[in-house]
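Please prepare a short briefing on this model. Group the points by topic and keep the sentences brief.

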Amino acid sequence: MGSQGGFYQSKEFLDLVKSIGEARSKAEEDRIVLSEIETLKRRISEPDIPKRKMKEYILRLVYIEMLGHDASFGYIHAVKMTHDDSLLVKRTGYLAVTLFLNEDHDLIILIVNTIQKDLKSDNYLVVCAALNAVCKLINEETIPAVLPQVVELLGHPKEAVRKKAIMALHRFYQKSPSSVSHLISNFRKRLCDNDPGVMGATLCPLFDLIAQDVNSYKDLVISFVSILKQVAERRLSKAYDYHQMPAPFIQIKLLKILALLGSGDKQASETMYTVVGDIFKKCDSSSNIGNAVLYECICCVSSIYPNTKLLDSAADAISRFLKSDSHNLKYMGIDALGRLIKISPEIAEQHQLAVIDCLEDPDDTLKRKTFELLYKMTKSTNVEVIVDRMIGYMISINDNHYKTEIASRCVELAEQFAPSNQWFIQTMNKVFEHAGDLVNIKIAHNLMRLIAEGFGEDDDNADSKLRSSAVESYLHILGEPKLPSVFLQVICWVLGEYGTADGMFSASDVTGKLCDVAEAYSSNETVKAYAVTALMKIYAFEIAAGRKVDMLPECQSLMEELLASHSTDLQQRAYELQAVIGLDVHAVECIMPLDASCEDIEVDKGLSFLDGYIQEAIEKGAQPYIPESERSGLINMGNFRNQNHHESLHGLRFEAYELPKPAESAEPEPMYPRETYQTPVSPIPSNPSDAGSAELKLRLDGVQQKWGRPTYTPETSTSNSTSQKSVNGASAVNSTREAYASRKPQVEISHEKQKLAASLFGGTSKPEKRPATGHKVSKASSHMVEKSHVPNSSMEVAPEKAAPAQPPPDLLDLGEPTATSTAPSLDPFKQLEGLLDTTQDALAANSATTASRSPDVMALLYADTPIGIHNKDDADLLSGLSNPSVTNMAGATARPRLSQSSSKGSNPKDSLEKDALVRQMGVNPSSQNPNMFKDLLG
Amino acid sequence: MIHFVLLISRQGKVRLTKWYSTYSQKERTKVIRELSGVILTRGPKLCNFVEWRGLKVVYKRYASLYFCMCIDPDGNELEILEIIHHYVEVLDRYFGSVCELDLIYNFHKAYYILDEILISGELQEPGKRTIVRAVAAQDSLVETVKEQTGSISTIIAQASK
């Protein structure tokens, strides 16, 4: 009966644990802990506490800290305890400090000395305890203090010490790679350690080192392969077997390392093929650990230089995972599929139904993993279906972290593969509407930039269509309440720039809407600033176009309010607006040129435009300006200009000017002035898009077209060549364009999985089913016009134009012929099955959502709600149990063993007793679900 | 790398926490609250994995106790499940068919054992016997200092040697 009563703790401590176990609410628990803290504070500072008592106090501190309360008042006592001579006390001290202190805590400096001493101890257990503390507590500053001793311990006779020393060095490497860079040979040496445990531990630092610098470790490939081979052939002692697998954890680590070393290296990979193939065969796919190794094999195969045989084995393993009933294996299967798909894209197709099942699974984790897979396999043919699904899911969840992630993925996919401007704008609208304040502001800037620049082609017509559709949709959206701030900024900016550009909307319409925005979001200064600037632009364009400006009354009142605003920014903008309105046509045209947000702004730092004015003034007898440095010397007008140029280059100069050299002034138009005049300088403040554009440009370029490979999009030869081109570099904008060109027929969403599957997978793989013509029509007509600008795709333009015009794609349009042609391999039975499955899934999903609605379990459980009562028996169990004197029914029920193998307990009496309790529990109706044993060992 | 290990009871009570990455006390409380909210509400047949703040949490339920480990997104979840199981097996061997109460009252022992299995977030020792032997060695040494005979740990330790 080791458990009850614990190992010689005082009654007081047992009572504490018991009362916390019985606490009915979080508040009650907190009250108990707070009074305990008071007691401890008082007791712990008493003089001459016996060691044993002190040890218990420290454990009580650990306990209250574990419950989330602050026990920092006792840290110093834990530190003191590490100084003790007796290992018993010292060990407790070390345990407490490793749990209490983070590596940057001030008290660590007090422990370093003790650690140094303990690392030299004769007793290896003391050394081990110290090494444990080293791993947790030593920070970058204190590494040098213990490093020599830790290195020395690598040669310690006890393997446990060597192992911990390796792990400590690994930790040092993580904290400060430079501190151990001269010790890397030690890791290599330890790889040959006699003890498999030490060798296994060495793999951890080696993995990190190899991940950093693959090339320096290529010579170890042979060693790793031979170690892995020996492990797989059961050359290690039986002690390392785990569930009949030979040292699986070491195998996994080795496979991870091989994956790194073989990545992109044909020669290294070839040496691995045999051993990885062997492991595939040897893995027992019925046990969890066998599957863990299998999964690692798949990861390895997908990382090293491809080998058909291994890829086949990996594909087999994946299909076993996906077909399994276990959600865990399905999850791993989806993940593995995402890895393998990069090498052999055709594999996804065999599993389309399984993937759809996972997508519709009520399990959120599985669903998200599947979205990740879909994200990886998105291409121009299926982008609409996938992004639509993603947005649907995005709207349905509350987890902000994931919402942000999925929103940025939607944006990325839309930017890369958007089939039409219309769709792009609509998609972005949805994303911003539902996750607006979560997305990175850069994305908003990017959107503004895209709208301003168009898609980077020289087709103005398409660009202006894009803008008009944006303006139209934004004016519509503004009617909705509570839009996210980021989205409003985009809207205001676009309305300001292009609101009246195509003449569809009058200035008063647009300004009215903008005033509404400023009014409705009056607490948001950024949005207001955007709105005011947009107003200014619209009025400026009106003036420039020669129309008379009538300011709406609400606009006027807004201006009056802003002129007196507390925000200097808003105030300034309002004054600027007022000033602009008062100017004449010519001036306004210069200040606010139409659609010039993408023009580089040239700043004439030499102020040459003032020359005439100065000349005039000088002629009238004014004194010429003399730079300060020259004021005492002679004035040379010719030099003055030259100096001025010079100055403008370097900004402020504090050292004295050199005397002008004749050579410099004689140089005909040197590099300097040109640079000066053409450098685009920081944007004017009223132009918000420019602020982010420099970064945004980078971001766009980084976006690669992921699934545009020719093998994966088998199409007509022309489109093949286009997609290939986009893979081989070219900017993302370009590839987007090209993606349009290779766009295929609209596939529809239906509730049947087959159709969804077809839209996701099927369409890509059966090129012969795809008619050569009549499928690209869904593109907006603007694209055709645009396409004719691309010389090498002119071949395609002809059939396209010949095809009858069809309405733009409707996602809900159930085009029967398309579905059959894209998913020809599916038989009707499967379709029926699919239907059934969906309904079941839907039901399950319903129940899951209701179940997952409970917001805070803790609160629910602690509260005296019906749910609390529902869980009462468990709580009772606990409390009953925690009372050592009670060994009746309640106690019995609360003793569900964590493990079934009762025979393992070496005390037969003890295990018998426990068995009896379990049996009792099994028949006791108030006990927990007997099914829990399914979760137990085996 | 494993960022932290949590043991939470079905009622959401914390039984053990071990942090291998740096988290302030406030963050710790938040993490525990968030995760117990997510994990305890999950149905029995779903995956044992939860994606959480860009990391992954692998959990497994043993009787009324949830063992959770948080890992990097590129980790092998099945392996972590086995590490959890490995820990439970060692606990079981040490305590002699372990139950939640063993861990409640002897949480420090559970920490010592965990320290022999994981070190700075990595699996340190895959051999069960080695771990039990290491912990037993510490215990027996302790017992020569303090006469704590009769403790079950000694009996088990001696038997398993």
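Helix H2(A) has a set of buried residues: A:Glu29, A:Ile32, A:Val33, A:Glu36, A:Ile37, A:Thr39, A:Leu40 and A:Ile44. The model is predicted. The points below cover helices of chain A, then chain B.

**Helix lengths in chain A**

- H2(A) covers residues 26–44, which is 19 residues.
- At 1.5 Å a residue, H2(A) should span 27 Å.
- Helix H22(A) takes in residues 400–417, a run of 18 residues.
- H22(A) is mostly covered, with 13 of its 18 residues buried.

**A helix pair in chain A**

- A packed pair is described by two quantities, the angle between the helix axes and the distance between those axes.
- H28(A) spans residues 525–544, and H29(A) spans residues 553–563.
- These two helices pack at an angle of about 125 degrees, and their axes are 12 Å apart.
- Angles of 65 to 115 degrees count as roughly perpendicular and those over 145 as roughly antiparallel. H28(A) and H29(A) are therefore oblique to each other.
- The crossing of H28(A) past H29(A) is left-handed.
- On the H28(A) side, the contact is made by A:Lys528, A:Val532, A:Leu535 and A:Tyr539.
- On the H29(A) side, A:Cys555, A:Leu558, A:Met559, A:Glu561 and A:Leu562 take part.

**Chain B overall**

- Chain B holds 6 helices and 7 strands.
- Read from the N terminus, the order of elements is β-β-α-β-β-β-α-α-α-β-β-α-α.
- Of the 161 residues in chain B, 75% are buried.
- Take the contacts in chain B between residues at least 6 apart in sequence: 47% of them join residues at least 24 apart.

- Strand E1(B) covers residues 2–9, and strand E2(B) covers residues 14–19.
- The two strands run antiparallel and are joined by 5 bridges.
- B:Ile8 stands opposite B:Val14, which belongs to E2(B).
- E1(B) and E2(B) form a hairpin, with 4 residues between them.
- In the turn, B:Gly12 has a positive phi of about 85 degrees.
- E2(B) is mostly covered: 6 of its 6 residues are buried.

How values were computed:
Residues numbered from 1 in each chain as written. Chains lettered and ligands numbered in written order. Predicted model: local features only at pLDDT ≥ 70, side-chain atom pairs only at ≥ 80, totals over all residues. Heavy atoms only, no water. Expected span 1.5 Å × (residues − 1). Buried < 20%, exposed > 50% of the residue type's maximum accessible area, 1.4 Å probe, protein only. Pairing = 2+ DSSP bridges. Axes fitted to C-alpha atoms, helices over the stretch in contact; angles between N-to-C directions. Parallel < 35°, antiparallel > 145°, perpendicular 65-115°, else oblique. Left-handed = near helix turned anticlockwise from the far one by under 90°. Contact = heavy atoms within 4.5 Å.
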